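Good morning, and thank you for coming.

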Amino acid sequence: MEKARGRYTPGLEAASTGYSAAQTRTGAMIAMSSRTITMSDRLHAYLLNTVSREPEILARLRAETGPMEFGAMQISPEQGELMAFLARLHGVRRYLEIGTFTGYSALAVALALPEDGRVTACDVSEEWTAIARRYWLEAGVADRIDLHLAPAIETLDGLLAEGRAGSYDFIFIDADKPNYDGYYERALKLVRPGGLIGVDNVLWGGSVADPDNVEESTQAIRRLNVKMQADARVDYVLLPVGDGLALARRR
Ligand SMILES: C[S@@+](CC[C@H](N)C(=O)[O-])C[C@H]1O[C@@H](n2cnc3c(N)ncnc32)[C@H](O)[C@@H]1O
(Lines give C-alpha, C1' and ligand atoms only; values in the text may rest on other atoms or scores of the structure.)
Protein backbone atom coordinates (compact mmCIF):
# COMPACT_ATOMS: atom_id res chain seq x y z
CA MET A 1 0.00 0.00 0.00
CA GLU A 2 1.04 3.63 -0.51
CA LYS A 3 1.02 4.08 3.28
CA ALA A 4 3.80 1.53 3.67
CA ARG A 5 6.00 3.64 1.42
CA GLY A 6 5.37 6.70 3.56
CA ARG A 7 2.83 8.40 1.33
CA TYR A 8 -0.77 7.96 2.49
CA THR A 9 -3.58 8.52 0.03
CA PRO A 10 -6.97 7.48 1.45
CA GLY A 11 -8.62 7.22 -1.96
CA LEU A 12 -5.88 4.93 -3.24
CA GLU A 13 -6.05 2.69 -0.20
CA ALA A 14 -9.84 2.43 -0.55
CA ALA A 15 -9.47 1.44 -4.19
CA SER A 16 -6.81 -1.19 -3.59
CA THR A 17 -8.40 -2.74 -0.48
CA GLY A 18 -12.06 -2.45 -1.45
CA TYR A 19 -12.88 -0.21 1.55
CA SER A 20 -16.45 1.15 1.58
CA ALA A 21 -17.20 4.84 1.15
CA ALA A 22 -17.68 5.14 4.93
CA GLN A 23 -14.32 3.58 5.46
CA THR A 24 -12.89 5.97 2.91
CA ARG A 25 -14.26 8.79 5.01
CA THR A 26 -12.60 7.19 8.02
CA GLY A 27 -9.43 7.03 5.99
CA ALA A 28 -9.72 10.75 5.28
CA MET A 29 -10.01 11.39 9.03
CA ILE A 30 -6.89 9.33 9.60
CA ALA A 31 -5.13 11.45 7.02
CA MET A 32 -6.26 14.58 8.92
CA SER A 33 -4.67 13.26 12.12
CA SER A 34 -1.27 13.45 10.46
CA ARG A 35 -1.35 17.15 11.38
CA THR A 36 -1.86 18.60 14.88
CA ILE A 37 -5.44 19.65 15.39
CA THR A 38 -6.40 23.33 15.24
CA MET A 39 -7.41 24.47 18.71
CA SER A 40 -10.71 26.34 18.36
CA ASP A 41 -12.09 28.30 21.34
CA ARG A 42 -14.80 25.65 21.75
CA LEU A 43 -12.31 22.79 21.78
CA HIS A 44 -10.01 24.66 24.17
CA ALA A 45 -12.97 25.23 26.51
CA TYR A 46 -13.67 21.47 26.40
CA LEU A 47 -10.04 20.79 27.21
CA LEU A 48 -10.11 23.16 30.18
CA ASN A 49 -13.58 22.53 31.54
CA THR A 50 -14.08 18.82 30.91
CA VAL A 51 -10.83 16.90 30.74
CA SER A 52 -8.25 19.09 32.49
CA ARG A 53 -6.82 18.26 35.91
CA GLU A 54 -5.48 21.77 36.46
CA PRO A 55 -5.39 22.30 40.25
CA GLU A 56 -7.83 24.95 41.49
CA ILE A 57 -5.04 27.21 42.81
CA LEU A 58 -3.36 27.26 39.38
CA ALA A 59 -6.68 28.14 37.74
CA ARG A 60 -6.96 31.10 40.15
CA LEU A 61 -3.38 32.22 39.42
CA ARG A 62 -4.13 31.96 35.70
CA ALA A 63 -7.29 34.03 36.13
CA GLU A 64 -5.43 36.74 38.07
CA THR A 65 -2.50 36.86 35.64
CA GLY A 66 -4.49 36.62 32.38
CA PRO A 67 -5.85 40.19 32.35
CA MET A 68 -2.46 41.73 33.27
CA GLU A 69 -0.63 43.69 30.58
CA PHE A 70 1.75 40.81 29.83
CA GLY A 71 -0.60 38.07 31.05
CA ALA A 72 -0.18 36.08 27.83
CA MET A 73 3.40 35.31 28.89
CA GLN A 74 2.29 32.62 31.33
CA ILE A 75 2.35 29.08 29.98
CA SER A 76 -0.92 27.45 28.95
CA PRO A 77 -2.68 25.20 31.48
CA GLU A 78 -2.23 22.15 29.27
CA GLN A 79 1.49 22.85 29.13
CA GLY A 80 1.54 23.14 32.92
CA GLU A 81 -0.14 19.76 33.18
CA LEU A 82 2.34 18.28 30.72
CA MET A 83 5.30 19.65 32.68
CA ALA A 84 3.89 18.34 35.97
CA PHE A 85 3.30 14.95 34.33
CA LEU A 86 6.87 14.89 32.99
CA ALA A 87 8.21 15.81 36.42
CA ARG A 88 6.40 12.84 37.98
CA LEU A 89 7.28 10.50 35.13
CA HIS A 90 10.94 11.44 35.32
CA GLY A 91 11.15 11.39 39.15
CA VAL A 92 12.25 15.02 39.17
CA ARG A 93 13.58 16.30 42.53
CA ARG A 94 15.60 19.33 41.35
CA TYR A 95 13.85 21.74 38.98
CA LEU A 96 15.46 24.93 37.63
CA GLU A 97 13.39 27.53 35.87
CA ILE A 98 14.64 30.50 33.81
CA GLY A 99 11.75 32.97 33.60
CA THR A 100 9.18 32.75 36.37
CA PHE A 101 6.84 35.74 35.88
CA THR A 102 3.81 35.31 38.21
CA GLY A 103 4.80 31.76 39.04
CA TYR A 104 2.51 29.45 37.06
CA SER A 105 5.10 27.01 35.66
CA ALA A 106 7.09 26.97 38.92
CA LEU A 107 3.95 26.17 40.91
CA ALA A 108 2.74 23.55 38.42
CA VAL A 109 6.04 21.68 38.76
CA ALA A 110 6.51 22.34 42.50
CA LEU A 111 3.15 20.66 43.19
CA ALA A 112 4.38 17.57 41.32
CA LEU A 113 7.66 17.22 43.26
CA PRO A 114 8.20 14.88 46.20
CA GLU A 115 8.46 16.32 49.76
CA ASP A 116 12.21 16.84 49.45
CA GLY A 117 11.97 18.38 45.96
CA ARG A 118 13.47 21.84 45.30
CA VAL A 119 12.78 24.53 42.73
CA THR A 120 15.35 27.15 41.71
CA ALA A 121 13.52 30.02 40.00
CA CYS A 122 15.18 32.88 38.07
CA ASP A 123 13.62 36.21 37.19
CA VAL A 124 14.37 39.94 37.28
CA SER A 125 10.95 41.29 38.28
CA GLU A 126 10.15 41.98 41.96
CA GLU A 127 6.65 43.01 40.97
CA TRP A 128 5.65 39.90 39.01
CA THR A 129 7.32 37.43 41.35
CA ALA A 130 5.54 39.02 44.34
CA ILE A 131 2.37 37.51 42.87
CA ALA A 132 4.20 34.19 42.45
CA ARG A 133 5.34 34.20 46.09
CA ARG A 134 1.77 34.81 47.30
CA TYR A 135 0.49 31.72 45.44
CA TRP A 136 3.48 29.55 46.40
CA LEU A 137 2.81 30.42 50.05
CA GLU A 138 -0.89 29.60 49.78
CA ALA A 139 -0.10 26.31 48.03
CA GLY A 140 2.30 25.34 50.83
CA VAL A 141 5.35 25.04 48.55
CA ALA A 142 7.11 28.38 49.24
CA ASP A 143 9.73 26.64 51.38
CA ARG A 144 10.82 24.46 48.48
CA ILE A 145 11.33 27.34 46.00
CA ASP A 146 14.52 29.47 45.90
CA LEU A 147 13.88 32.61 43.86
CA HIS A 148 16.92 34.41 42.40
CA LEU A 149 16.15 37.99 41.36
CA ALA A 150 18.99 38.80 38.96
CA PRO A 151 19.77 38.47 35.24
CA ALA A 152 19.52 34.72 34.72
CA ILE A 153 22.89 34.39 32.97
CA GLU A 154 24.50 35.67 36.21
CA THR A 155 22.44 33.29 38.33
CA LEU A 156 23.30 30.29 36.15
CA ASP A 157 27.00 31.18 36.14
CA GLY A 158 26.79 31.50 39.93
CA LEU A 159 25.22 28.03 40.21
CA LEU A 160 27.99 26.60 38.02
CA ALA A 161 30.63 28.36 40.14
CA GLU A 162 29.05 26.81 43.26
CA GLY A 163 29.61 23.36 41.75
CA ARG A 164 25.99 22.67 40.78
CA ALA A 165 26.87 21.24 37.34
CA GLY A 166 24.93 18.04 36.60
CA SER A 167 22.65 18.51 39.61
CA TYR A 168 19.25 19.34 38.06
CA ASP A 169 16.72 16.81 36.77
CA PHE A 170 14.61 19.28 34.77
CA ILE A 171 15.42 22.78 33.50
CA PHE A 172 12.82 25.01 31.85
CA ILE A 173 13.92 27.96 29.68
CA ASP A 174 11.26 30.67 29.34
CA ALA A 175 12.90 34.11 29.64
CA ASP A 176 14.25 36.71 27.19
CA LYS A 177 14.74 35.10 23.78
CA PRO A 178 18.03 36.76 22.68
CA ASN A 179 19.72 34.92 25.58
CA TYR A 180 18.19 31.53 24.70
CA ASP A 181 21.43 30.05 23.38
CA GLY A 182 23.31 31.19 26.49
CA TYR A 183 20.63 29.61 28.68
CA TYR A 184 20.66 26.38 26.66
CA GLU A 185 24.44 25.97 26.87
CA ARG A 186 24.41 26.60 30.63
CA ALA A 187 21.40 24.31 31.08
CA LEU A 188 23.31 21.53 29.33
CA LYS A 189 26.00 21.86 32.00
CA LEU A 190 23.60 22.15 34.93
CA VAL A 191 21.30 19.25 34.00
CA ARG A 192 22.35 15.73 34.91
CA PRO A 193 22.95 13.13 32.18
CA GLY A 194 19.48 11.75 31.38
CA GLY A 195 17.90 14.98 32.66
CA LEU A 196 15.41 17.08 30.75
CA ILE A 197 15.59 20.60 29.28
CA GLY A 198 12.39 22.30 28.12
CA VAL A 199 12.56 25.39 25.89
CA ASP A 200 9.38 27.42 25.58
CA ASN A 201 7.99 29.56 22.72
CA VAL A 202 9.99 27.76 20.04
CA LEU A 203 7.23 28.37 17.45
CA TRP A 204 6.97 32.04 18.54
CA GLY A 205 3.41 32.55 17.38
CA GLY A 206 4.32 31.03 14.00
CA SER A 207 6.84 33.76 13.19
CA VAL A 208 9.78 31.30 13.07
CA ALA A 209 8.35 30.17 9.72
CA ASP A 210 7.81 33.70 8.40
CA PRO A 211 10.86 34.69 6.29
CA ASP A 212 9.84 38.36 6.53
CA ASN A 213 10.17 38.30 10.31
CA VAL A 214 13.78 39.20 11.13
CA GLU A 215 13.28 40.40 14.72
CA GLU A 216 16.11 39.63 17.13
CA SER A 217 13.98 37.28 19.27
CA THR A 218 12.66 35.39 16.24
CA GLN A 219 16.17 34.94 14.85
CA ALA A 220 17.49 33.75 18.21
CA ILE A 221 14.72 31.14 18.48
CA ARG A 222 15.28 30.01 14.88
CA ARG A 223 19.01 29.59 15.51
CA LEU A 224 18.41 27.54 18.66
CA ASN A 225 15.76 25.38 16.96
CA VAL A 226 18.18 24.42 14.20
CA LYS A 227 20.98 23.86 16.69
CA MET A 228 18.90 21.63 18.98
CA GLN A 229 17.54 19.61 16.06
CA ALA A 230 21.12 18.74 15.06
CA ASP A 231 22.61 18.55 18.58
CA ALA A 232 24.18 15.12 19.17
CA ARG A 233 24.44 15.89 22.92
CA VAL A 234 20.68 15.44 23.37
CA ASP A 235 17.63 13.44 22.39
CA TYR A 236 15.14 15.97 21.11
CA VAL A 237 11.52 16.53 20.20
CA LEU A 238 9.55 19.70 19.44
CA LEU A 239 5.96 19.57 20.67
CA PRO A 240 3.40 21.98 19.20
CA VAL A 241 1.94 22.56 22.67
CA GLY A 242 1.21 26.13 23.76
CA ASP A 243 3.58 28.33 21.75
CA GLY A 244 5.84 25.36 20.98
CA LEU A 245 7.82 23.40 23.57
CA ALA A 246 11.14 21.80 22.67
CA LEU A 247 12.26 18.96 24.93
CA ALA A 248 15.85 17.80 25.06
CA ARG A 249 17.19 14.90 27.13
CA ARG A 250 20.89 15.18 27.89
CA ARG A 251 22.67 12.07 26.63
C1 LIG B 1 7.46 34.33 29.47
S2 LIG B 1 7.70 34.96 31.08
C3 LIG B 1 7.80 33.49 32.06
C4 LIG B 1 6.46 32.80 32.22
C5 LIG B 1 6.44 31.78 33.32
N6 LIG B 1 7.29 30.65 33.03
C7 LIG B 1 5.01 31.32 33.60
O8 LIG B 1 4.73 30.13 33.54
O9 LIG B 1 4.15 32.18 33.87
C10 LIG B 1 9.35 35.54 30.99
C11 LIG B 1 9.95 36.03 32.30
O12 LIG B 1 11.35 36.18 32.09
C13 LIG B 1 11.79 37.24 32.87
N14 LIG B 1 13.08 37.73 32.32
C15 LIG B 1 13.28 38.50 31.23
N16 LIG B 1 14.59 38.73 31.05
C17 LIG B 1 15.23 38.08 32.04
C18 LIG B 1 16.59 37.92 32.40
N19 LIG B 1 17.57 38.49 31.68
N20 LIG B 1 16.89 37.19 33.48
C21 LIG B 1 15.91 36.60 34.21
N22 LIG B 1 14.60 36.70 33.92
C23 LIG B 1 14.26 37.43 32.85
C24 LIG B 1 10.69 38.27 32.80
O25 LIG B 1 10.75 39.12 33.92
C26 LIG B 1 9.44 37.37 32.78
O27 LIG B 1 8.89 37.25 34.06
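I begin with helix H7, residues 126-139. Helices here are DSSP runs of H or I of at least four residues, strands are runs of E of at least two, and both are numbered from the N terminus. At 1.5 Å a residue, times one less than the number of residues, the 14 residues of H7 should span 20 Å, and the end C-alpha atoms are 20 Å apart, which agrees.

Please note that this is a predicted model, in which local features need pLDDT of at least 70, side-chain atom pairs count only at pLDDT 80 or more, and totals for chains, interfaces and linings use all residues. Residues are numbered from 1 along each chain as its sequence is written.

Which residues of H7 are buried? They are Thr 129, Ala 132, Tyr 135 and Trp 136. A residue is buried if 20 or more other C-beta atoms, placed from the backbone, lie within 10 Å of its own, exposed if 12 or fewer, and partly exposed in between. The buried residues fall within an arc of 110° seen down the axis, so they line one face of H7; the arc is taken from the directions from the helix axis to the C-beta atoms. On the other side, Glu 126, Glu 127, Ala 130 and Leu 137 are exposed. After H7 comes Gly 140, with a positive phi near 80°.

Finally, the largest nonpolar core has 54 residues, being buried Ala, Val, Leu, Ile, Met, Phe, Trp, Tyr and Cys joined through C-beta atoms within 7 Å. Helix H6, residues 104-110, gives the largest share, six residues.
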